[in-house]
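Student: Can we go through this one together? I'd like to start with the terms.

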Amino acid sequence: MASMLMNSLRCCPPVNPAWAVQYATRSLSTSVQLHAQVQTKSKKTLAKPGVKNIVLVEGVRTPFLLSGTTYADLMPHDLARAALQGLLHKTSLPKDAVDYIIYGTVIQEVKTSNVAREASLGAGFSDKIPSHTVTMACISSNVAMTTGVGLITAGQCDTIVAGGVEFMSDVPIRHSRKMRKTMLALNRAKTLGQRLSLIGSIRMAHLTPELPAVAEFSTAETMGHSADRLAAAFGVTRLEQDEFALRSHTLAKQAQDAGLLSDVISFKVPGRDTVAKDNGIRPSSMEQLAKLKPAFIKPHGTVTAANSSFLTDGASAVLIMSEEKALAMGYKPKAYLRDFVFVSQDPKDQLLLGPAYGTPKVLARAGLTMDDIDVFEFHEAFAGQIMANLKALDSDWFAQTYMGRKVKVGAPAMEKFNLWGGSLSLGHPFGATGCRLVTTVAHRLLKEGGQYGLVAACAAGGQDSGRTEMMQEKTVYAYTHRVE
């Protein structure tokens, strides 16, 4: 597979590095205004006869913070609870009006394995509301949302709260397997002699801790190493990756300063300060980025700490309802959730290529083309991963060889792509990013006057969630907040 991807280097058209600097330095407000001017023609609706319209009413998130900073002394359910309380406050939703609560997370805290339940009880939701937790690596909250969509479509529920949380400041660290076996045996020992014998069998090697795996279980390769190989296979240069990372941080800073990140709620951290904004947004310069050494494949790799997403603490939550229920409760929905697909591929050589596989499929399901999409929000795990996916989408060879398609779907237009920053700059709490992407699409559609938005995200295991999301029909709703 790797050799075939190397062939794609010759077949994929080059991406001009100049676009990154162009959009990094261009005024965000100007780009949005220019984009809004062309989004005036109404397109077809994706509503399906006999199928319920499902809407996004609201979405919130805690500030995403670098792990080990202000959230360091909390637990995952504390962040999830804060997101849920923020959603309640922003929507004035009655606490007993929800039918089901679903949360996504990746590295679970063993004390709160069903973090959805613990967080919902802590936030004051009725104890009669069922809650469960899902996991699917970096698309865990995508799974939470689509599970909710399925429950509404099936007629089981009308009102769903979905979300995600990740807490990297305090991950579970286990004793070694040998030490665990010894401790369990000690617990079963019946005599003092048996206990002393087991204690005497402990060696220094028993005391070596077992950290959470940062590598793929099936391949034993870290995701950063996979990203570096993928970038090399598609001919993505270090310069292109640094330019994209700079673009992400620059646009995120502009969006933050302009007050566009309205999904972020303030959170009073117990015993510490109130946090109101993400703290990982750090615009730099190409000169500074160029000084960093490769982080994974040394000394010749191209993936660095600066063009990779960073370990992040944070939580998110969204309110999803049937359109009929939302209107009956006085809400003005922000967007329709129209369709979604999940895909999987080879976790060895195509671990991070999910968006290249998922995007054509979800477009085909919706009967749309790339040109029809007004807003793109792709998860930025690594700059090299983003650039490789863009090149794959723009390659006839890739489409024919791996997708069974006659022609490529094309790469997204960069003036529509991640205009308020992305995971590289805003942060990436594994279980929470999907809801951020979905809410950002809704807000950008409203701000920019678009109709269709598309979310895509890669995940560990070679999986992906691609969604043609949040088609906004502005002729139906002129404003987006609940009438009080």
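Tutor: Buried means under 20% relative accessible area, exposed means over 50%, and partly exposed is in between, with a 1.4 Å probe and protein chains only. This is a predicted model, where local features need pLDDT of at least 70, side-chain atom pairs count only at pLDDT 80 or more, and totals for chains, interfaces and linings use all residues. Residues are numbered from 1 along each chain as its sequence is written, and side-chain values use heavy atoms, with hydrogens and water left out.

Student: Why does Q345 count as buried?

Tutor: Its relative accessibility is 10%, so Q345 counts as buried.

Student: And where does Q345 lie?

Tutor: Q345 is in the loop between strand 9 (335–344) and helix 13 (354–366). Helices (H or I, at least four residues) and strands (E, at least two) are DSSP runs, numbered from the N terminus.

Student: What does the side chain of Q345 reach?

Tutor: The backbone oxygen of Q350, at 3.5 Å.

Student: New topic. How many residues of strand 11 are buried?

Tutor: In strand 11 (residues 453–459), 7 of 7 residues are buried. G453, V455, A457 and A459 are on one side, with L454, A456 and C458 on the other. In a regular strand the side chains alternate between the two faces of the sheet.

Student: In which sense do strand 10 and strand 11 pair?

Tutor: Strand 10 (residues 375–378) pairs with strand 11 in the parallel sense, over 4 bridges. Two strands pair if DSSP finds at least two bridges between them. F378 stands opposite A456 in strand 11.

Student: How far apart are its end C-alpha atoms?

Tutor: The end C-alpha atoms of helix 6 (residues 140–153) are 20 Å apart, which agrees with the 20 Å that its 14 residues should span at 1.5 Å a residue. The expected span is 1.5 Å times one less than the number of residues.

Student: What comes just after helix 6?

Tutor: G155, with a positive phi of about 85 degrees.

Student: Last one. Which residues lie nearest the centre of the largest pocket?

Tutor: A213, V214, A215, M223 and F430, from a lining of 32 residues. On a 1 Å grid over the protein atoms alone, a pocket is an open set of points with protein on both sides within 12 Å along at least five of seven lines, and lining residues have an atom within 4 Å of a point.

Conventions. On a 1 Å grid over the protein atoms alone, a cavity is a set of points where a 1.4 Å probe fits but cannot get out, and a pocket is an open set with protein on both sides within 12 Å along at least five of seven lines; lining residues have an atom within 4 Å of a point. A polar contact is a pair of N or O atoms within 3.5 Å; within protein, one must be able to donate a hydrogen and the other to accept it, and residues adjacent in sequence count only if both atoms are side-chain atoms.
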